[in-house]
Amino acid sequence: MSLAEPPVKTHPDFEAESSHLAGTVQAMIRQIGSWEDRDRNTGADLETSVTMADTAEEHAAMLSVHVHQPYFGSLKVRVGGREQTLYIGKHAFRDVGGPHHVVSWDSEVGSLFYSDALDWVPRRGSKGQIRRRRQLDVAQKALLRVTDLYDDEQGGDTGGREEVLLRRLKEQSTAGMRDVVETLQPEQNEAMRFPAGTPVIIQGAAGSGKTTIGFHRLAWMTSGDRGPHQARPEACMVLMPNRVLAAYAARILPELGIGGVSVTTPEAWATALLGLEKLEITDRTLSLLLTDTDNGRRALAWRRAKLLGDARMLDVVRTHLWNKFGAAITGQSLQENIEVAGRGLLTFSLSESDLADKLHDVFAQDPLDGYRAGFRRLVEEEAVSRLRVPEEEEASVRRQLSKPLTTLLGRIFASTTPVTEARRLLADADALAASGLLSDKEIRLLLADPLSGIPTPRRLTPT
């Protein structure tokens, strides 16, 4: 709700809720003051005292962000014959010695605010029942509106959830992800809270909140409430379609309490994986589509880009590399004398046929670190196995194999980089036809070069 609008005080509980909000704000301010008082946070020695004081200041900084809006909703619940009201916010807060507690939205109890369920079984205790769900619009420490979403004393569903959602949409908030936690719908909440490790596909029209729900699922998965299933932020990655959205996501995620998540674009991630971080990424097709006035060339560029993204192209590339590396193995072999402690010199050799088998194995594995690295690994493992090398000698054997193996890999995988090999493939009709997956018309389309006037990717020069 906009601050320019006056509070709506027609709800019978407005004054009581305003009083509770004021008490919560004061409790938070007291707690922040206590944390910031370094004299209170002392330990047995100087190092412990400094650690305790720094930790307390971090807690104070995290909580201070939420003082202006401690919570956005509440649940009246009955558990074991006892009723209590739980306030739901974006950050958990425990009022030490007082009644002004706040439950985090991503906790197990917090999820009840979004669902349609009226009963639940707490981890400890008897069965619980939802008596009321209430939305509380709060801004700048002031209560603006009270909306009941469900109240069993009013006959159940009040239609308030839809009212709140429509109000948010009309406000056209520019606060990014701020309001979504307050207006999650039951089906969105369910998608967000699938068990960690379960792949979830979220589909919807543009602007329907797919990215928003994805970000909040990430926040839910990295929450400490997940226990042994908690995801480590540093092990998570967010891929956004372009740099602008990646920068936006990098600003939004910390607002959800997520730090340390890698946010990048697919092309930046791919070039980093390939060791080509200094390659300047230019979307040549997009540049042409946005700037060229020749509709025929634009249509050709679009069809070519679409074909390059076809799943068949993966097998076209694999077939090309298989043929290239297979041809390079012809006439190659490896033979090296390896010294193993206590056993003297042992001969390790691989024939052309052996090398071809290793190439077949590495293509079957399709290793993430590349065919060259995968091939090296298989040869080293073969040497250790054939020579029955004890574990303590494996490092020595790998060192002795390093130079001749590097020379062999240079012959097989010579001058093969992602950029140069892609250019070779897209300029060779026979190579494109080798897989048998592309029609003549598709091959001619790939050989066409509507992008000749668009700059090609290049390595960035140091500044």
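Student: Which residues are exposed on the other side of H9?
Tutor: Leu290 and Thr291 are the exposed ones there. Keep in mind that this is a predicted model.

Student: OK, and which residues of helix H9 are buried?
Tutor: In H9, which covers residues 284–291, the buried residues are Arg284, Thr285 and Leu288. Looking down the axis of H9, these buried residues fall within an arc of 100°, so they line one face of the helix.

Student: Why do residues three or four places apart point the same way in an α-helix?
Tutor: An α-helix has 3.6 residues a turn, so residues with that spacing point the same way.

Student: What do the buried residues of H9 pack against?
Tutor: They pack against helix H10 (295–308).

Student: Switching to aromatics. How many aromatic pairs are there in the whole structure?
Tutor: A search of the whole structure turns up nine. One of the pairs is Tyr71 with Tyr87: the ring centres are 4.6 Å apart and the planes sit at 45°, so the pair is tilted.

Student: Where do Tyr71 and Tyr87 sit in the chain?
Tutor: Tyr71 is in the loop between helix H2 (46–64) and strand S1 (73–79), while Tyr87 is in strand S2 (residues 82–89). The two are 16 residues apart, and the pair links distant parts of the chain.

Student: Buried or exposed, those two? Tyr71 and Tyr87, I mean.
Tutor: Both Tyr71 and Tyr87 are buried. Phe113 and Tyr114 make another pair, with ring centres 5.4 Å apart and planes at 85°, so that pair is edge-to-face.

Student: What relative accessible area does Phe113 have?
Tutor: Phe113 has 0%, so Phe113 is buried. Tyr114 also counts as buried, at 0% relative accessibility.

Student: Which residues do ring pairs link into a cluster?
Tutor: The cluster is made of Trp322, Phe325, Phe363, Tyr371, Phe375 and Phe413.

Student: Where's Glu17, then?
Tutor: Glu17 lies in helix H1, residues 14–36. Its relative accessibility is 6%, so Glu17 counts as buried.

Student: What about His320, buried or exposed?
Tutor: His320 counts as buried, because its relative accessibility is 13% and the cut-off for buried is under 20%. His320 is part of helix H11 (residues 312–329).

Student: And what does His320 touch?
Tutor: Not counting residues up to four places away in sequence, His320 touches Glu421, Leu425 and Ala431.

Student: Let's go to the surface. Which residues form the nonpolar patch?
Tutor: Met237, Leu239, Trp269, Leu273 and Leu274 form it, with about 480 Å² of accessible area together. Strand S8 (237–239) and helix H8 (266–273) each supply at least two of the patch residues.

Student: How exposed is Met237? What's its relative accessible area?
Tutor: Met237, which sits in strand S8, has 41%, so Met237 is partly exposed.

Student: Last bit, the whole chain. How many helices and strands?
Tutor: There are 17 helices and 13 strands. The chain has 463 residues, and 38% of them count as buried.

Technical notes: Residues numbered from 1 in each chain as written. Predicted model: local features only at pLDDT ≥ 70, side-chain atom pairs only at ≥ 80, totals over all residues. Heavy atoms only, no water. Helix = DSSP H or I, 4+ residues; strand = E, 2+ residues; numbered from the N terminus. Buried < 20%, exposed > 50% of the residue type's maximum accessible area, 1.4 Å probe, protein only. Phe/Tyr/Trp six-rings, centres within 6.5 Å; stacked < 30°, edge-to-face > 60°. Patch = residues over 30% accessible without salt bridge, like charges linked within 9 Å, V, L, I, M, F, W, Y side chains within 5 Å. Areas by Shrake-Rupley, 256 points an atom, 1.4 Å probe, with all protein chains shown as cover. Salt bridge = Lys/Arg side-chain N within 4 Å of Asp/Glu carboxyl O. Arc of directions from axis to C-beta. Contact = heavy atoms within 4.5 Å.
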